[in-house]
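Subject: Structure for you to look through

Dear colleague,

I am passing on the structure we spoke about, and below it I have written out what was found in it. Please keep the sequence and the 3D view open beside this message as you read.

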Amino acid sequence: MALTLDEVRQVAALARLRLEPDEETRLTADLDHILDAFTRLAALDTTGVEPTAHVDPESAPLRDDAVTNPEAPDALFEGAPARSGRLFRVPRIIE
């Protein structure tokens, strides 16, 4: 599948991108290369391969969806120039 320069210009216009002529040429080649890769992927025989959302479902374990607010240790406040109890005091920036 060959992508033409006019097609790249049309897509750029739809995306409201202003491309320089050298960018149009480079993007035409890059997008053509990407489309070729997808064409090669589409030609693969995936018969018998189960569809998946992730390659490794165990790689990103999820934590419980619960709000937590752990107690901040005192060491966190040692470097604070000013504090009020367990809160940092900051200079007023809006008058």
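In this predicted model, Leu5, Val8 and Arg9 of helix α1 meet Glu24, Thr25, Leu27, Thr28 and Leu31 of helix α2. The residues that make up this contact divide into 4 nonpolar, 2 polar and 2 charged. Helix α1 covers residues 5–14 and helix α2 covers residues 21–42, and the two pack at an angle of about 105 degrees with their axes 9 Å apart. Because angles of 65 to 115 degrees count as roughly perpendicular, α1 is described as roughly perpendicular to α2.

The loop between α1 and α2 holds Leu19. If its neighbours within four places in sequence are left aside, Leu19 is in contact with Val8, Ala12, Glu24 and Leu27. By contrast, the C-alpha atoms of Leu19 and Leu44, which are 25 residues apart along the chain, are separated by 35 Å.

The next topic is charge. Side chains of opposite charge can pair when their charged atoms come close. The structure holds 4 salt bridges, and one of them joins the side chains of Arg9 and Glu24, at 3.0 Å from N to O. This pair links distant parts of the chain, since Arg9 lies in helix α1 and Glu24 in helix α2, 15 residues apart. Are these two partners buried or exposed? Arg9 has a relative accessible area of 39% and is therefore partly exposed, whereas Glu24, with a relative accessible area of 12%, is buried.

A second salt bridge brings together the side chains of Arg26 and Asp30, at 3.6 Å from N to O. Both of these residues lie in helix α2, 4 residues apart, which is about one turn of the helix. Arg26 is partly exposed, with a relative accessible area of 45%, and Asp30 also counts as partly exposed, at 37% relative accessibility.

Another salt bridge is formed by the side chains of Arg86 and Asp74, at 3.0 Å from N to O. Here too the pair links distant parts of the chain, with Arg86 in the loop between β1 (83–84) and β2 (87–88) and Asp74 in the loop between α2 and β1, 12 residues apart. Arg86 is partly exposed, with a relative accessible area of 35%, while Asp74 reaches 51% and is exposed. Finally, salt bridges that share partners join Asp6, Arg9 and Glu24 into one network.

Technical notes
Residues are numbered from 1 along each chain as its sequence is written. This is a predicted model: local features need pLDDT of at least 70, side-chain atom pairs count only at pLDDT 80 or more; totals for chains, interfaces and linings use all residues. Side-chain values use heavy atoms; hydrogens and water are left out. Axes are lines fitted to C-alpha atoms, for helices over the stretch in contact, and angles run from 0 to 180 degrees between N-to-C directions. Angles under 35 degrees count as roughly parallel, over 145 as roughly antiparallel, 65 to 115 as roughly perpendicular and the rest as oblique. Contact means heavy atoms within 4.5 Å. Ala, Val, Leu, Ile, Met, Phe, Trp, Tyr, Cys and Pro count as nonpolar, Asp, Glu, Lys and Arg as charged, and the others, Gly among them, as polar. Buried means under 20% relative accessible area, exposed over 50%, partly exposed in between (1.4 Å probe, protein chains only).
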